[in-house]
Amino acid sequence: MTDSAAGAASAPDDSLLRHWRLLVAVVAPVVAVATLVQSVLEVLGAGGTTVVVDGLTLRTPGWPDVVEAMLWVVAWAWSLGAVMIAVKGTLLGAPPSAFDALRQAVRRVPALLGVMLMAAVGFGALLFLAVAVGNLFGPLALVCVGLAVFVAGPLIGALPVAALDGLGVGQSAAAGVRYAESRRGRMFFLLIGLAAAAVPAGWLSNALPDVTAGPITAALGRLAVAALTVAAIGVQGAMLARWRVDLDGERARESSAPCPGHWLVACGGLTVVVVVAAGVVLVNPMGVPVLSTSSTVKSTENLGQYAVTADGEPEVGIGGSSRPLAWDSRRALFDGGTALVGVAYPGNGPVELTVCDGADCVPARAQLDRPGFYWELWVARPLPDGGMIVVAPVIERGMLAGTAKLVAWICPDRTCQSSRRVEVADVNYNPPQDLPFAVGVGPEGAPVVAYGTTGQTSLTVVRCADRACEHTSTEHGEVAALVDGEWPGLVGLGFDRDGRVVAVLAGRPHATPAGLHVRVGRASRPRVISVTCGDDSCERRTTRAWNEIAADGGDLRAWPVPMPDGHLAILQEDSRGARLITCEHHCEG
């Protein structure tokens, strides 16, 4: 009997665990080159809303995305062909070197691309039908996809034929379909395996904006994506090559593991290239704004009370602070940010202030008349003469539901033992909804109040004629901006260091539509946008894109923060907490 135990023991071990070094040595150089070219394209394709956030490039969709997709298709075809050639040689007892496999695969790339195009057209037509049926019949969506895969699966058999038999596109397609027609069940599971191998790399690539926290983690994330891509292509090529070799039934009795040290060189080269690619993005020769995000802080009371320290760190704006503050979302800052004055939640009773000197806080009774029945939202700001202004939407008895008066109290000092009450405007406000409004000081030291409606794009600016605000002027403006094909809505208001109104806009995360849908590439996410108005009507404006909105972040609030160095930052809060987005380089505009 030739099929003895000894004979079985001498059969070649065709498992991936034995030959993974060869697969790495074959695939890693191609992935490294593609990663480096991609980083160059990210820089050269800069424009519009392109920014670099924590080492990752977020840009306006356009031609660079198409070029990148074509780049990775060619890289995948080349490396996949090289893997199939290497695995076939190994199974037949003549393993090629990584260089020889890559050199031979170059000549097969046109045929592989042609076969891939035919397969894409076939799958696309069937999946389009599946999507249409799936949207109508919901639960049948996966069944439709399964049928599409089962019917078009034989086209996948043309890939190893094109790579290993050296046939043209038409001949490879015909031979692949002929080989696979009688093995549709196996082809179905082979195709499922090919798709599953690519899932980890795709998932991590999409998740990088949510998990990176600086250039180092961005570089590590890129390296992890590259490593998973290498593994995915290696597994895919090995599966296809083994299927083609098994059709002929010719395997060598013995096989050695080739390229004993080449995989180390390939891994080292891939690591170096990925680091260089991350460096290309950071060097940023096109002058793209470079942003960084802080760690997340969480306000347990969920009242949107945050502060930024003088050294640029966010913290919860409740109670005193052991460090001087540069900005607070609600409280008035005095004495270089070491003294804080805020409003204690008054309910229906007399209004009390919370006065903090450093970390020590004491209550103080304030003379703010007619506090109203619901006074949760408020903003206090210092005035140049040492006084203070407090602004709040006030709901009083007899008012219609959903309406409130935006009231300002102007105090001669920070204790507000006396005050002047000014009704700024009637606003649409229905607690507990948010009301974006901001308080600033104009060039002459007179108070300025800006307000709008969450999700809308109109704003109103009320300027006091003098410090006592005995007379006011009102200007209505529009901050609508078309960004990446969307019209984001208002989520926050503030002022920059020059007293100009800054509106923060953001779209809502895209809801997953019902039924089955096909998406190619990374899912787009809404962006945070700041609009700095050059005048109260905002006809002259400067628009800047910031970071993306997390898909699971829930409702978003944001505040423009004038930093001590004069640049604008954005404090962004969602259900996970608040982060400060600062501009590190190329912050003009």
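Cys-469 lies in the loop between β17 (458-464) and β18, where strands are DSSP runs of E of at least two residues and helices are DSSP runs of H or I of at least four, numbered from the N terminus. Although Cys-469 is not a glycine, its phi is positive, about 60°. Its relative accessibility is 4%, so Cys-469 counts as buried; buried means under 20% relative accessible area, exposed over 50% and partly exposed in between, with a 1.4 Å probe and protein chains only. The model is predicted: local features need pLDDT of at least 70 and side-chain atom pairs pLDDT 80 or more, while totals for chains, interfaces and linings use all residues. Residues are numbered from 1 along each chain as its sequence is written, and side-chain values use heavy atoms, without hydrogens and water.

Another cysteine, Cys-538, is in the loop between β21 (527-533) and β22 (541-548). Cys-538 also has a positive phi, near 60°, and counts as buried because its relative accessibility is 1%.

Strand β18 (residues 472-478) contains Thr-474. With 44% relative accessibility, Thr-474 counts as partly exposed. Leaving out residues up to four places away in sequence, Thr-474 touches Thr-460, Val-461 and Val-462, contact meaning heavy atoms within 4.5 Å.

The largest nonpolar core has 42 residues, and Val-26, Val-27 and Val-83 are among those with the most contacts inside it. Such a core is a set of buried Ala, Val, Leu, Ile, Met, Phe, Trp, Tyr and Cys residues joined through side-chain atoms within 4.5 Å. At least two of its residues come from each of α2 (16-44), α3 (63-91), α4 (98-137), α6 (158-164) and α10 (215-248). Beyond its neighbours within four places in sequence, Val-27 is in contact with Ser-79, Val-83, Val-230, Ile-233 and Gly-234. A second, separate core of 24 residues includes Val-379, Ile-410, Val-439 and Ala-446.

Helix α3 has 29 residues, which at 1.5 Å a residue should span 42 Å, and its end C-alpha atoms are 42 Å apart, so the two values agree. The expected span is 1.5 Å times one less than the number of residues. After α3 comes Gly-93, with a positive phi near 90°.
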